[in-house]
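Subject: Structure for you to look at

Dear colleague,

I am passing on the structure below, together with some notes on what was found in it. Please keep in mind while reading that the model is predicted.

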Amino acid sequence: MRQELFSENLVSDVRKNYFNFICQCDAGEGQYRLTTCSEPTPYALCFAVFGLQLLQKREVIKENSGLYDSILRDNLSKFH
């Protein structure tokens, strides 16, 4: 019998840990850090939204979509 490479519990734990990491990187007001000890950056918000979408945390994205939209658009106009 072939043993599963990833058990359901392992995948669940990884998902929980990833979500907790994203939450720990939340600097408030729609700002995120790339690591828990770094400064908030515009780039980090993209990673946070990607991670939330990957984890299917659509309710978090929907709840903050107006804020995220505003921040992303503002950063695009500032840096490009």
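C25 sits in the loop that runs between α1 and β1, and with a relative accessible area of 2% this cysteine counts as buried, because the limit for that class is under 20%. Once its neighbours within four places in sequence are left aside, C25 is in contact with Q31, Y32, R33, L34, T35 and T36. With S77 the picture is another one: C25 and S77 are 52 residues apart in sequence, and their C-alpha atoms are 24 Å apart in space.

D26, for its part, belongs to strand β1, and its relative accessible area of 36% places it among the partly exposed residues. The C-alpha atoms of D26 and E39, which are 13 residues apart along the chain, are separated by 11 Å.

Two residues deserve a look for their backbone angles. As background, most residues other than glycine have a negative phi. E29, although it is not a glycine, has a positive phi of about 50°; this residue is found in the loop between β1 (26-28) and β2 (31-32), and at 71% relative accessibility it counts as exposed. The other is Q56, likewise not a glycine, whose phi is positive and near 60°, and which is placed in the loop between α2 and α3.

Turning to the helices, how do α1 and α2 cross? The axes of helix α1 (residues 8-24) and α2 come within 10 Å and cross at roughly 150°, and since an angle over 145 degrees counts as roughly antiparallel, these two helices are therefore roughly antiparallel to each other. Their crossing is left-handed. On the α1 side the contact involves R15, Y18, F19 and I22, which meet F47, A48, F50, G51, L52 and L54 of α2. Sorted by kind, the residues of this contact comprise eight nonpolar, one polar and one charged.

Helix α2 (residues 42-54) also packs with helix α3 (residues 58-79), in that the axes of the two come within 10 Å and cross at roughly 150°. By the reasoning used above, α2 and α3 are therefore roughly antiparallel to each other, and the crossing of this pair, too, is left-handed. From α2 the contact draws on P42, L45, C46, V49, L52 and Q53, while α3 contributes R58, V60, I61, Y68, I71, L72, N75 and F79. These residues divide into 11 nonpolar, two polar and one charged.

One of the residues in the contact of α2 with α3 is N75, which lies in helix α3 and is buried, with a relative accessible area of 12%. N75 and C23 are 52 residues apart in sequence, and the distance between their C-alpha atoms is 21 Å.

Which residues form the largest nonpolar core? It has 10 residues, namely I22, Y32, A44, L45, A48, L52, L55, I61, Y68 and I71. Both α2 and α3 supply at least two residues of this core, and α2 gives the most to it, with four residues. I22, a member of the core and also a part of the contact between α1 and α2, touches Y32, A48, G51, L52 and L55 when residues up to four places away in sequence are not counted.

Finally, S12 is located in helix α1, and its relative accessibility of 29% means that it counts as partly exposed. S12 and L45 are 33 residues apart along the chain, and a separation of 24 Å is found between their C-alpha atoms; L45, as listed above, is one of the residues of the largest nonpolar core.

With best wishes

How values were computed: Residues numbered from 1 in each chain as written. Predicted model: local features only at pLDDT ≥ 70, side-chain atom pairs only at ≥ 80, totals over all residues. Heavy atoms only, no water. Axes fitted to C-alpha atoms, helices over the stretch in contact; angles between N-to-C directions. Parallel < 35°, antiparallel > 145°, perpendicular 65-115°, else oblique. Left-handed = near helix turned anticlockwise from the far one by under 90°. Contact = heavy atoms within 4.5 Å. Nonpolar A, V, L, I, M, F, W, Y, C, P; charged D, E, K, R; others polar. Buried < 20%, exposed > 50% of the residue type's maximum accessible area, 1.4 Å probe, protein only. Core = buried A, V, L, I, M, F, W, Y, C linked by side-chain atoms within 4.5 Å.
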